[in-house]
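Open the model in your viewer and keep the selection panel at hand. This tour goes stop by stop, saying what to select and what is there.

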Amino acid sequence: MKLYCLSGHPTLPCNVLKFKSTTIMLDCGLDTTSVLNFLPLPLVHSPRLSKLPSWVSKDGTINLEKELKECAGRVFVDSQPEFCLPERELLDLSTIDVILISNYHCMMALPYITEHTGFTGTVYATEPTLQIGRLLMEELVKFMERVPKAQSATCWKNKEIQRMLPGPLKDAVDVWTWKRSYSMQEVNSALSKVQLVGYSQKVELFGAVQVSPLSSGYSLGSSNWVIQSHHEKVAYVSGSSLLTTHPQPMDQSSLKNSDVLILTGLTQMPTANPDGMLGEFCSNLAMTIRAGGNVLVPCYSSGVIYDLLECLYQFIESANLGTTPFYFISPVANSSLEFSQIFAEWLCHNKQSKVYLPEPPFPHAELIQTNKLKHYPSIHGDFSSEFRQPCVVFTGHPSLRFGDVVHFMELWGKSGLNTIIFTEPDFSYLDALAPYQPLAMKCVYCPIDTRLNFHQVSKLLKEVQPLHVVCPEQYTQPPLTQSHRSDLMLELQPPPMPYRRCSVLNLPFRRRYERVYILPELANSLVPSEIKPGVSMATVSAVLHSKDNKHTLQSVPKPPPVPPSKKRKRVMEEPPVVLAPKPLLSGAVPLEAFLATLQKHGITEVKVEETADGHILHLQAEDTLIQLEEDGTHIVCDNNEPLRTTLRDLVLRFLQKL
């Protein structure tokens, strides 16, 4: 069993598991942190960005004035943002049989894999994962297509040139493999390969293994996966949460008795408590509005935003923010808010019960009805005529490199009254803000990450007790910034097996057993004989038939009767002769009783020698050796066939025949 790691990002995983003649891809996350190296894409022409000076190396040898621009001491690529894809050279991706998706954040690289590698398999995901994943992909495509860039920067990717660039461009990984966004046509083609599954549904893969999704408690429809054969079990835990938020709670009991547990997608903010962050989010928001400023929340169009709106719903009245407008701007804002209300069976119990009242499970429905929350596809059109300040704007993208958020950064960045509140943990907020410096607006960092922290995951592993744990190497050492915090890492016995981008791990367990079925008529013909009290055995002569990884013992076909024929047939055509099987022997030859039997038969001069495995008997007068060992008996007797036969029969008296 082998595991290939194609992504170095622990919360955006992409691994391939080879198990029992199947090749299974576990998630295909897209590492979007690469976009932080690019300049933002403004929706309206930005004089500030267009006047940035070009970067030239100190000695003047490298001049990429069309590609690299300098801003506040940092160097950025002036081109369409590009993404760091999962590694595609480590193994032939056309051999992948299935892709298992654990949540909608971990499927953003799907079109790159299904459309450009010769992939012909099936993708399995739950319905909310598919539908919300589609929205996030559609949003990404629209953000990119809305602001097309004429030129594409490629020279800076040359290995020799990249080495001379300032950091962080110098240290960027595999830049020559970075790719622009896919098209909507590729998205639709990739998602047409998805087959929907429900929690605990068992899916057979070629008769070899069974895969089954379990609720992971992190987002709508998010799953952990169990991959098992008759005798082995692998659990894949990715992006799970034990907190009580809107999704169904995590199913832990089904992860028990795993031979290997592959663990990824832990919290990116192990020291930040999500509840505390929500409180801080609300108080900073209220403070800014009361001072007459605007609040900008760069966020994804699904996920944490539902919890933020729910939190604000309870907070608005008590903080006297009833008249403040809340705007949610995204090409998919309307679909996202509606989808969250219709996936009732994927929600936690108290939200499910509201559906039968009938009430909308999420309170943002009421915010929309009472006109407190308005949503728009973009800043153009209706929004510009209805927009009034001070207000709160939820919009994407959290990287601040593309989407409507770029416009608000340019619009509000120069005033100290306004505040930007970061809630998504995927991007370093300092790196996100770098191309907007110098910035007057206040910045508040309230990362809300509900995924498992190290304390919770240690407790979980104690309960489910897998034999081996495999995880990204980042989890086996404390974070670089807090090297003294040994509580921010996994400490297990035996130690977890770490992996990094491009690792290939041999997983530490071997398949020992295979299930074989026996046909009823063959079973009926067996005659068991008791070899010790309560244990019976029978020998089987059969033909082993293997198809679709199912093995069956069938009766040996009887040779057809040969019709009497005048002509002599060729020897080759004669049916094979099936000999009756020899009896199997079992038991042990007791030394004292055997010596007594030899004496009765006139063999008296016997010298006994002890060996590591048993005894050697020298019959001195007959010049013969008898080796009695645990797993066999040998009679060494030269040119005296009658004696050898007699000795053999004496040995057989003590053994059982099957």
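**Stop 1: the domains**

This is a predicted model. Colour the protein chain by domain: domain 1 covers 2-270 + 451-506, domain 2 covers 274-445, and domain 3 covers 585-657. Now take domain 1 and domain 2 together. Their centres, taken over C-alpha atoms, are 25 Å apart. Domain 1 puts 48 residues into the contact, and domain 2 puts in 46 residues.

How much area is buried between domain 1 and domain 2? About 4000 Å², with 68% of that area given by carbon and sulfur atoms.

**Stop 2: polar links across the contact**

Stay with the boundary between domain 1 and domain 2. Three salt bridges are counted between the two domains. So are 16 residue pairs in polar contact, with both residues at pLDDT 80 or more. Hide domain 2 and look at the side of domain 1 that touches it. The elements giving two or more residues to that side are α1 (47-50), β5 (74-77) and α3 (127-146). Select α3: it supplies the largest share of that side, 13 residues. Then colour that side of domain 1 by class. There are 28 nonpolar, twelve polar and eight charged residues.

**Stop 3**

**Stop 4**

The structure holds 21 salt bridges. Select Lys157 and Glu82 for another of them. Their side chains meet at 2.7 Å, N to O. Lys157 sits in the loop between α3 and α4 (159-164), and Glu82 in the loop between β5 and β6 (98-100), so the pair ties together parts 75 residues apart in sequence. Lys157 counts as buried at 13% relative accessibility. Glu82 is buried as well, with a relative accessible area of 4%.

Next, select Lys69 and Asp78. This salt bridge has its closest N and O atoms 4.0 Å apart. Both Lys69 and Asp78 are buried.

**Stop 4: Leu43**

Select Leu43, in the loop between β3 (22-26) and α1. Leu43 counts as buried, at 18% relative accessibility. Which residues does Leu43 touch, leaving out those up to four places away in sequence? They are Arg146, Val147, Ile379, Gly403, Asp404 and His407. Draw a distance to Ile379.

**Stop 5: Ser258**

Move to Ser258, in the loop between β12 (233-238) and β13 (260-264). Ser258 is buried, with a relative accessible area of 2%. Not counting residues up to four places away in sequence, Ser258 touches Lys233, Ala235, Gln465, Pro466 and Leu467.

**Stop 6: backbone details**

Finish with the backbone. Most residues other than glycine have a negative phi, and most peptide bonds are trans. The next selections depart from that pattern.

- Select Leu357 and Pro358. The peptide bond between them is cis, with omega near -10 degrees. Pro358 lies in the loop between α9 (349-355) and α10 (364-369).
- Select Gln389 and Pro390. This peptide bond is cis too, with omega near -5 degrees. Pro390 is in the loop between α11 (382-386) and β17 (392-395).
- Select Ser21. Its phi is positive, near 60 degrees, and Ser21 is not a glycine. Ser21 is in the loop between β2 (15-19) and β3, and is exposed, with a relative accessible area of 61%.
- Select Asp548. Here phi is about 50 degrees, again positive in a residue that is not a glycine. Asp548 is in the loop between β26 (542-547) and β27 (550-555), and counts as exposed at 55% relative accessibility.

Technical notes
Residues numbered from 1 in each chain as written. Predicted model: local features only at pLDDT ≥ 70, side-chain atom pairs only at ≥ 80, totals over all residues. Heavy atoms only, no water. Domains from an automatic or database assignment. Contact = heavy atoms within 4.5 Å. Buried area = accessible area lost by both parts, 1.4 Å probe. Polar contact = N/O pair within 3.5 Å; in protein donor to acceptor, adjacent residues only side chain to side chain. Helix = DSSP H or I, 4+ residues; strand = E, 2+ residues; numbered from the N terminus. Nonpolar A, V, L, I, M, F, W, Y, C, P; charged D, E, K, R; others polar. Buried < 20%, exposed > 50% of the residue type's maximum accessible area, 1.4 Å probe, protein only.
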